[in-house]
Amino acid sequence: MINYGMDGKVALVTGAGGGIGRATALAFAHSGAAVLVSDVSDEGGAETVAQIEAQGGKAVFQHCDVSDGAQVKAMVAAAVEAFGRLDYAFNNAGINRITANEYDDENWDLSIGINLTGVMLCMREEAEVMLKSGGGAIVNTASINGLVGNPTQPAYTASKHGVVGLTRHGALRWAREGIRVNAVCPGVIETPMSAQAMADPAARKMIEEMTPMGRMGQAAEIAGAVVWLCSDEASFVTGLPLVVDGGVTAF
Ligand code: NAD
C-alpha cells in the first residue's frame, strides 16, 4: 500500500463499517490522515476504528444514516469537532437489495434515498466546510451500473447513474474553488454486500468468467483508487468516473 503523505489531513468515510468503506478508511490512515469513520452499523464502525488504532492511526466513529440530512450535518460537524478540518470525503454508503419485484416502491425509495440523495446530502455539507479552508477532494461510490445498463435492478442502476451525474456536477461547480470531485465505479468486489449472491458457487463462477481478469476484485483495490484520487498525485483529475472492474466494461 502506498503512503501518500496525508499527515495532518482529515478524511471522512461513509459506510465505513465494513467492505469497501472500511478498507478505504484503513488506507487513508495508512497515508497518515485522521479518519472520521461513519456508518449506520455502530458495531462495524467501532471495529474499523479499532483496526485503525491498532495500526497506529487516529479515528473516531460517528453514527450516521446518510439519507437523513440532520445526521449528515452532525457527521460533518463531528469531523471538524474531532480534528479541526476536513480535507477528503469518501461518500460510499450504499445498499443493493435483491427484491422479488424489482419495481418494488419501497426498494426504489430506499435505494434512491441512500445511494443518491445520501451522496448529495454529504457532498453539500462537505463542500461547505472544505470551501472555508481552501478546498479538498471528494470521491463518490458509483458502480459499473452507473455507466452501463442492467436489465434487472432499476433502482440500483438509476441511483448509481445519478451518482455519476452528481459527481460531474460537483466537479464543475467547485472546479475554481479548490474542490475536486470524482467517482469510483467498482465491478464485482468481494465484500459483505456481494457475499450473499456469491455464496452460490455457480453465480461466483459466472461472475469470474464474465470478468476479463477472471476474478472478483478486493476492497483494498478500490481503496487504493480512492486514496489516489484524493491525493495530490491526482491534482488535475476532476469529474472522472474511475472504473475499477477487472475489464468488465472494456467490451
Ligand atoms: P457493504 O454492504 O459491505 O458496506 C456498505 C456499508 O454501508 C455497510 O457498512 C452498511 O452498514 C453501510 N450503510 C448501509 N446503509 C447506510 C446508510 N443509510 N447510511 C450509512 N451507512 C449505510 O458493501 P460494499 O460492497 O462495501 O459497498 C460499498 C459501496 O460500493 C456501495 O455504495 C455499493 O453500492 C458500492 N459497490 C459495491 C460493489 C460490490 O461488488 N461490492 C460493486 C459496485 C459498487
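**Arg85 and Asp87.** I started with this pair in the predicted model. Arg85 makes a salt bridge to Asp87, and I get 2.6 Å between the closest N and O atoms. Then I looked up accessibility for both ends. Arg85 is partly exposed at 30% relative accessible area, whereas Asp87 comes out at 4% and is buried. I checked that call against the cut-off: Asp87 counts as buried because its 4% falls under 20%.

**How many salt bridges does the structure hold?** I count seven of them.

**Arg173 and Glu177.** Their side chains meet in a salt bridge, with N to O at 3.3 Å.

**Arg204 and Glu190.** I find a salt bridge between these side chains, 3.0 Å from N to O. Which parts of the chain does the pair link? Arg204 sits in helix α7 (residues 201–210) and Glu190 in strand β7 (residues 189–190), so I have two distant parts of the chain joined, with the partners 14 residues apart.

**Who else is in on it?** I followed the contacts on from Arg204 and Glu190 and ended up with a network: salt bridges link Glu190, Arg204 and Glu208.

Conventions: Residues are numbered from 1 along each chain as its sequence is written. This is a predicted model: local features need pLDDT of at least 70, side-chain atom pairs count only at pLDDT 80 or more; totals for chains, interfaces and linings use all residues. Side-chain values use heavy atoms; hydrogens and water are left out. A salt bridge is a side-chain nitrogen of Lys or Arg within 4 Å of a carboxyl oxygen of Asp or Glu. Buried means under 20% relative accessible area, exposed over 50%, partly exposed in between (1.4 Å probe, protein chains only). Helices (H or I, at least four residues) and strands (E, at least two) are DSSP runs, numbered from the N terminus.
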